[in-house]
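Dear colleague,

My notes on it follow.

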Amino acid sequence: MRTQTRQGFPSPTRQQQGGGRRRALSAAAALVIGVMTAGALAPSSASAAATARPDAVQRALNALVRDDGMPAALASVQDRDGRTRTYTAGVGDLATGSKVPRDGQVRIGSNTKTFVAVVVLQLVGEGKIGLDTMVDTYLPGLVRGEGIDGRRIKVRHLLQQTSGLPNYSNYLGDDVRYYTPRELLDTALRHPADFDPGTSWKYSNTNYVLAGLIVQKLTGRPLAEEIDRRIIKRIGLRHTYFPAPGDASIREPHPHGYLRDAADGPLRDITEIDPSWGWAAGQMVSTNSDLNRFFGALLAGQLLPPAQLAQMRSTVPAEATFGPAARYGLGLVSRPLPCGGLSWGHGGSFPGYETRGGATDDGRATNVAVTMQLTDEAGRRSLERAVDTALCR
């Protein structure tokens, strides 16, 4: 995993956010692509009805391909009345030149964290977990290290990234293989705490590995099953899943994902990779439209009781990772929109894919994905501008 990726798995210039390893892919089967193929800009899909001049969202996606060098970009945009448009630009497979699948599946990185946080908060609503209960109550003796003590870390600290736990993904190196959740936790616990619990904020994937372990301990079922039962099936997410152990593929039509090891290096096809090192911090696969449905349902109160949703939306500053005026709740990020108001979402980064998006309280929702993990601030700003363009149109 990369030492610093952004919104789902760390970024180079903003603090680490969620499961993206940049170097650790040399062992993965990867097709080396020397140069991006021509014909980079694809027309928008049928649902984004063609006009003589592309609309603002299509132009933003075209720019991500043309100006920022993304192999492909795809988006789903829902307006206040629930009408949805999907968009594509670029090439779905650089080796064959195939089109970008309409609303194709992508690895969603740290958007996974919001799913995990919802499950934890559902258990809070059921009286099975206390937000201000210490982690050691549920996982006795497990969380110990230099400056680390599960008897001082609250469940709330995990969900809000205020535990001070070191980020395991900074220390995985280049070993691409299957990891158990305990291996990920043990990797983190070999390093000292970043700060005392509750005294500061810093993004760490380790927080969500622990949250996932608590879910499994209290329910007696795998985290993937709880997410599927409590969220995916409940609101009808037809293209969202938590990959099974050893499943390196993406099940449904999808654009290929690419990695560039150096600024002037070739693109490598990194679509198939064991995602277990992300686990509760970033393992899931979904589509832009399903993410819109998820975040929209969450804000509309379809997944959490009012008290738990209010807790989720209680935020602290998170500008170092998520940009100007961004704030972090319990697995949920708020960002101000240039047209006024806030968007609520998370975002994700995983080798081969980057996603950004958000939903608003009045029913708007947008998610945009590109098929290369972003490594520079300019690319991230461009992707966020595309989201803002769609939400403010």
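At a relative accessibility of 0%, Ala117 is counted as buried. The model in question is a predicted one, and every remark here should be read accordingly. Ala117 belongs to helix α2. Beyond its neighbours within four places in sequence, Ala117 is in contact with Leu159, Tyr208, Met312, Leu330 and Gly331. Its C-alpha atom lies 10.0 Å from that of Arg156, a residue 39 positions away in sequence.

From the first C-alpha of α2 to the last the distance is 22 Å, close to the 21 Å expected at 1.5 Å a residue. Just after α2, Gly127 adopts a positive phi of about 80°.

**The packing of α2 on α9**

Helix α9 comprises residues 288-299, and α2 packs with α9 at an angle of about 40°, the two axes being 12 Å apart. The crossing of this pair is left-handed. On the α2 side the contact is made by Asn111, Thr114, Phe115 and Val118, and on the α9 side by Leu291, Phe294, Phe295 and Leu298. Classed by residue type, the contact has 6 nonpolar and 2 polar residues, and no charged ones.

Asn111 deserves a separate paragraph. It is placed in helix α2, which covers residues 111-125. With a relative accessible area of 1%, Asn111 is buried, since the cut-off for that class is under 20%. Setting aside residues up to four places away in sequence, Asn111 touches Leu291, Phe295, His346, Gly347, Gly348 and Thr355.

Thr355 is found in strand β15, residues 353-359. Its relative accessible area is 0%, and Thr355 is therefore buried. Not counting residues up to four places away in sequence, Thr355 touches Val106, Arg107, Ile108, Asn111, Gly347, Gly348, Val368 and Ala369.

**Helix α12**

Helix α12 runs over residues 377-391; its 15 residues should span 21 Å at 1.5 Å a residue, and the end C-alpha atoms are 21 Å apart, so expectation and model agree. At the start of α12, a side-chain oxygen of Asp376 comes to within 3.2 Å of the backbone nitrogen of Ala378. The helix is mostly covered, 11 of its 15 residues being buried. Among the buried residues of α12 are Glu377, Arg380, Glu384 and Asp388, together with Leu383, Val387 and Leu391. Which elements do the buried residues of α12 pack against? They pack against α1 (56-66), β2 (72-78), β12 (333-336), β13 (342-345), β15 and β16 (365-370). Strand β15, which holds Thr355, is accordingly one of the elements packed against by α12.

**Tyr258**

Tyr258 lies in strand β7, residues 258-260. Its relative accessible area is 0%, so Tyr258 is buried. A polar atom of the Tyr258 side chain lies 2.8 Å from the backbone nitrogen of Leu94. Tyr258 and Met70 are 188 residues apart along the chain, and their C-alpha atoms are separated by 9.1 Å.

**Two residues with positive phi**

Most residues other than glycine have a negative phi. Two residues in this model may be considered against that background. Gln161, which is not a glycine, has a positive phi near 65°. Gln161 is situated in the loop between α4 (155-160) and α5 (181-189). Ala325, likewise a residue other than glycine, has a positive phi near 65°. Ala325 is situated in the loop between α11 (319-322) and β11 (327-328).

Are these two residues buried or partly exposed? Gln161 counts as buried because its relative accessibility is 0%, whereas Ala325, at 40%, counts as partly exposed.

With kind regards

Methods. Residues numbered from 1 in each chain as written. Predicted model: local features only at pLDDT ≥ 70, side-chain atom pairs only at ≥ 80, totals over all residues. Heavy atoms only, no water. Helix = DSSP H or I, 4+ residues; strand = E, 2+ residues; numbered from the N terminus. Buried < 20%, exposed > 50% of the residue type's maximum accessible area, 1.4 Å probe, protein only. Contact = heavy atoms within 4.5 Å. Axes fitted to C-alpha atoms, helices over the stretch in contact; angles between N-to-C directions. Left-handed = near helix turned anticlockwise from the far one by under 90°. Nonpolar A, V, L, I, M, F, W, Y, C, P; charged D, E, K, R; others polar. Expected span 1.5 Å × (residues − 1). Polar contact = N/O pair within 3.5 Å; in protein donor to acceptor, adjacent residues only side chain to side chain.
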